[in-house]
Amino acid sequence: MKKIGYILALVLEIAALAGAYIIHYFTRRKLGMVRYLNFKNMTWERDYPMGPLKTGCVAVVAVLTVLVLLFFLKKRKETSRLVYAMNICMIVLTALYAGYTLGSSTETMTDYYFISILFLLAAAVQVIKTAIAVLTAKGQTEGAKGEK
Amino acid sequence: MKKRALAALLCVTMTAAMLAGCGSGSSSEEETTQESTEETTEESTEDVEVEPVETRTVYVTPQWVNSALNGEQEGYEDILIAEVGYGDVADCVSYNEGHVPGAIYVDNCEVEDATGSEEGAYNLLAADEVVSNMLNHGITKDTKVVLYGADVSGTARQAFAYLWAGVEDVKIINGGIDAWTEAGYDTETDVNEGEAADDFGVEAPAHPEYRLDIQDAKEKLESDDNFRLVSIRSEEEWLGESSGYNYMDKAGEPEGAVWGKGSETSSDVNGFLNDDGTVKDLAGFEEVWADCDFTLDNELSFYCGTGWRACVPFLVLYENGYDNISVYDGGWYEWLMHDDYPVQVGDPASEDCVHTTVGELPTGKAAE
């Protein structure tokens with residue numbers, strides 16, 4: 001069950017990153033796409049506090065990443081290589097999301113919000129997946145100790 | 001472990017296939033184009049004498065352009081050909097698949113706002129910005145510019161902007177690259193760049209009268225009996241059934257506007273085109289406009305959604321010597337930004353036509 005969950009999460013992450021690529025691909029080539037994104041940007045900025053929202057999302061993902069990482073480092077001798085790899089992916093995706101969201105804007109990239117949301121999705125899925133892996137690994141270790 | 005590795009491999013393969021798919025598609029298209037170009041070159045039509053055209057003539061044949069390239073058109077020995085597209089040259093598929101030999105690439109965003117903000121509203125950029133972008137390509141007021149592009153209205157928009165700024169002789173290959181290759185002429189895939197110039201040669205815009213801003217359009221509608229604001233939009237847009245665009249959620253027309261037809265959707269000017277995709281001549285336009293509520297004696301200002309389609313009838317009348325014409329640049333998009341502006345929804349000749357203001361219009365009329 002856990003393996004299926006990991007695979008689904010991986011597919012979701014790849015779909016999010018591929019979606020970001022596709023949106024950017026068409027934004028560079030299709031005027032209609034740019035104008036639709038301009039419209040969505042203006043609508044969102046009018047209806048939602050986009051500045052605080054993006055800062056808040058980055059902060060939450062960054063804090064969760066640090067917490068999961070600290071927890072992993074505390075228990076790293078009890079976890080597998082896969083969990084180690086998951087943590088590296090988590091750091092990369094969080095850095096990608098935070099770096100892009102804080103370093104870019106709608107002025108530099110028309111598809112900024114859409115790409116930022118898709119990067120957030122990928123990073124959030126990876127953080128949750130890694131957190132589950134770390135926690136489960138801990139449980140398995142304790143279970144193994146208990147069996148002894 | 002095997003299952004996990006297999007799943008990871010599957011995902012990587014899917015991603016790689018998707019990315020490779022984009023590239024390989026364009027590559028095979030490129031090869032096909034090269035082959036077809038070679039074929040058409042072999043079948044190249046025999047040289048025939050091509051009639052000279054006036055400075056003010058905009059739509060020219062591929063044969064005329066070819067004869068100019070061959071130095072057979074007096075005064076046009078040094079023309080600058082440019083393909084009009086959207087975005088960076090590297091992203092323009094049509095230019096990279098094959099363009100008229102020697103053609104440079106120019107971007108629609110070099111002449112008009114790309115943000116859609118209240119200040120920009122997809123209107124023409126400030127004249128100094130337009131001029132600066134033209135100078136980067138080496139275009140001055142005296143440059144003989146020949147444009148073509150995949151989008152008939154987008155190309156017309158660029159030509160209109162150049163004329164507005166002050167380029168004295170702007171032409172468009174009627175029928176674009178399709179007409180060029182069908183005439184049997186060669187294409188190339190090298191990316192060309194113009195040699196930058198320093199001095200445009202005239203204060204821009206040299207023809208501010210070609211462009212009508214929103215305040216002038218509103219004032220003229222209210223006070224000038226001879227003025228006609230002509231909608232170059234589809235019937236669906238004209239009747240207020242849809243805005244025609246997925247980024248405009250209200251439908252209607254400025255109150256007092258008349259319909260100039262020409263479009264089947266918000267992204268074409270099919271009504272102004274011949275069966276072969278070339279722009280009709282004046283007689284063809286007069287036929288389209290036979291039962292419209294304006295004549296060519298009126299002062300005419302064309303508009304559409306954001307100012308592309310409207311440039312096509314402007315150019316056809318311009319090349320036929322009409323001076324009582326302009327383009328209301330902001331179109332329906334800018335009109336929508338003013339809640340107190342008057343609008344009509346429906347055929348104004350009908351009793352069902354609703355007269356209201358932008359602020360009172362219902363939303364939910366964006367195109368799907």
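Guide: Welcome! A helix here is a DSSP run of H or I with at least four residues, and a strand is a run of E with at least two. The model itself is predicted.

Visitor: How far apart are the end C-alpha atoms of residues 82-100 of chain A?
Guide: An unreviewed UniProt entry lists residues 82-100 of chain A under "transmembrane region". In the model this span is 100% helix and 0% strand. Its end C-alpha atoms are separated by 27 Å.

Visitor: Turning to chain B, what separates the centres of domain 1 and domain 2?
Guide: Chain B is split into domain 1, residues 59-206, and domain 2, residues 209-360. Taken over C-alpha atoms, the distance between the centres of these domains of chain B is 25 Å.

Visitor: Which element gives the largest share of the side of domain 1 of chain B that touches domain 2?
Guide: Contacts link 19 residues of domain 1 of chain B with 23 residues of domain 2 of chain B. On the domain 1 side, the elements giving two or more residues are helix H5 (152-165) and helix H6 (176-182) of chain B. The largest share, nine residues, belongs to H5(B).

Visitor: How many of the residues on that side of domain 1 of chain B are nonpolar?
Guide: Sorting that side by class gives three charged and five polar residues. The nonpolar residues there number 11.

Definitions and conventions. Residues numbered from 1 in each chain as written. Chains lettered and ligands numbered in written order. Predicted model: local features only at pLDDT ≥ 70, side-chain atom pairs only at ≥ 80, totals over all residues. Domains from an automatic or database assignment. Contact = placed C-beta atoms within 7 Å. Nonpolar A, V, L, I, M, F, W, Y, C, P; charged D, E, K, R; others polar. UniProt positions renumbered as here; feature names shortened; annotations may be inferred.
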